[in-house]
Every structure is written in structure tokens, then in C-alpha cells.
Amino acid sequence: MMWQTKSFSLRYVQAFFLLFTVVVSLLWASLAHAQQAEMSADEAAKKLANPAGSLSSLANNLTYRTYKGDLPDADSQDSWSYTFQPVLPFPVGDKDRRIIFRPAFTVAFNQPVFEPDEGEFRNLNTNLDDLTFDLVYAGNNMKTRQEGYLWGVGLAGTVPIATNDALGGEQWRFGPELFGGVLQKWGVFGALVNNQWNLGGGNGEPGSNDEPYSTTSAQYFYGITLGNGWQILTAPVIMYDWKADSDEALSLPLGTGIAKTMKIGDTTWRFQTEIWYYVEQPDSFGPEWQWTFEVRPIIQNPLLGWFR
């Protein structure tokens, strides 16, 4: 079966999306002066590594993956993608509580897809992936100024905006999300888990996706402060598809990375690189290695004034 791209023209939309994210990153970063004025690089780095933290930021991730599997020519496949993810916290009360919204927009540049009728892979070229997000109520409970624990509870979701059927599920998917962790003088560590089910999408027409969906996503994360804005950190994403056969269900990466947080002009930036190795992936086709480079400016939340 040949996967179909959406019927309307998308090249200009995709180009505009990429340009828009770059412009928004630069503009929002220029507004961050007051928020960062009294913060050291190590303080900013530690807060950025905390998923319940108070800092607004704009994550720009470039990701490269290699693949392996039993399908013909699977071991020679690779892909590039770009993800733009604003992190937008909204304070609630005066006890270090907040609502945090994290939408993620991904552009896949050359995702390989296997065509069963032809018995070979083809690249999809440039397409938008589905929009994913989480919306959580979170907080930090501190025992001392630098030690305590973090927590969050809320909703994870997927919105079907992909421009190619092979990338997107064509389903609205939602489910609960929980995370928790420990804050120490040297850094932070913890875990996050969510599960999503399909709540809509397939309409019964030929080619629509009416298949049941239930997938758990889990992350372990840590950030170890080394001083002068340097950190060792990572947050690999583990996936388990409850509707797949057992040999196709699990994707399990191990990873590590390094980051440097610094001020450039009046804006604080974090530059980060991570490497993951998948010790388990679907037998037929799945990722083997993943490398990510991230550029993240700290900003002032431009939507905060709407809720005051």
C-alpha cells in the first residue's frame, strides 16, 4: 500500500512553520531579561532539568536516528527530524505550584517507511508529524533551599495534524500523565509515565485508522550539575505498545548527554547533546541509535499576562 500525503499543498506551510519557529525563538528570547537577571548559570541549568520547574523556554531539537530490523534493508535506514517545543508554566498560588503546558511540533525530513507491496523502503521527504503535548499541574516541595522533591499530574495527548498518513495516527489520543523526582544540591533525577488511548479519528472509510490504540510512554531523567553551567543529563523515552505482538511492542533506549548553560548578551541559553542506544526495539523495524542536539533559550512566558 502506498502512503498518501494530504491533498492540499504543504511546501509553503512547512517552510513558513520552520521560519516562524526561528523568529519566535529570537523574539521571545529577547523578552527574558527580567526573569534571568538574578540567576546564575548553575541555577538556570538545574531549573531547566526540572520538569516541574518555573522557567519558560523554547526547545529546538535536531535529531538523527539509525534503524535496524528484520525487514529488507532495514539496517541501512536513517532519518532526520526537527522538534520545536515551548515550555510554558503558569504560576498557581504562592507555594511553588504551577500549570505547565508543553506542546511539541515535529517536522520529519526523510522518515523511511516500508512498502509491503513493493518490498522496499522509501523516504517520505519533508512532512509535519502529529502534534503531541502534555498539560500538568506540578510543584516542588523543598526541605531546604536546594533539596526536596518534585511532582506532577495531568494529561498527555496527540492531535492528528500529520501531513502524511504513514507518520500520523489519524486519531485523537489522550491519557493520564504522572511524574516525580528528587532535587539535590548536585542535581535532579526522577521518572515520568503516561498512557494514551485513541478517543477519535477513524471514520470507518477505506484507509482511515479505526484500530484500537494503547501505548505507554515512560522517561527516566537526571541532571548532574558539574559547575559553571555544565551538566551531565538525559531523558530517554521508553515506549510499550499494548496492542502489538510482544516482539513488536517495546522500544527501550539507554542514554546520556552533556549540556552547557550560559548567558549570551542578556539571554540565558542551554546547548545540549544526547546519545541514546536502543537495547530493545520492534523486531521488524525500529531505532538503533539516536543523536539529538538542542538549543534552548529561557524566555518570559508571553501568554502569562492573559491569565492575570
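Y67, F114, F121 and F285 together make up one aromatic cluster in this predicted model, in which local features need pLDDT of at least 70, side-chain atom pairs count only at pLDDT 80 or more, and totals for chains, interfaces and linings use all residues. Residues are numbered from 1 along each chain as its sequence is written, and side-chain values use heavy atoms, with hydrogens and water left out.

The structure holds 13 aromatic pairs, a pair being two rings of Phe, Tyr or Trp (its six-membered ring) whose centres lie within 6.5 Å, with planes under 30 degrees apart counted as stacked, over 60 as edge-to-face and the rest as tilted. One of these pairs joins Y64 and W80, and because the ring planes stand at 45 degrees, with the centres 4.8 Å apart, the pair is tilted. Distant parts of the chain are linked by this pair, since Y64 lies in strand β1 (residues 56-68) and W80 in strand β2 (residues 78-92), 16 residues apart; strands (E, at least two residues) are DSSP runs numbered from the N terminus. Y64 is partly exposed, at a relative accessible area of 23%, and W80 is likewise partly exposed, at 34%, where buried means under 20%, exposed over 50% and partly exposed in between (1.4 Å probe, protein chains only).

Y67 and F285 form a stacked aromatic pair, with 4.8 Å from centre to centre and 15 degrees between the planes. This pair also links distant parts of the chain, Y67 being in strand β1 and F285 in the loop between β15 (267-280) and β16 (286-299), 218 residues apart. Y67 counts as buried at 5% relative accessibility, as does F285 at 18%.

Key
Helix = DSSP H or I, 4+ residues; strand = E, 2+ residues; numbered from the N terminus.
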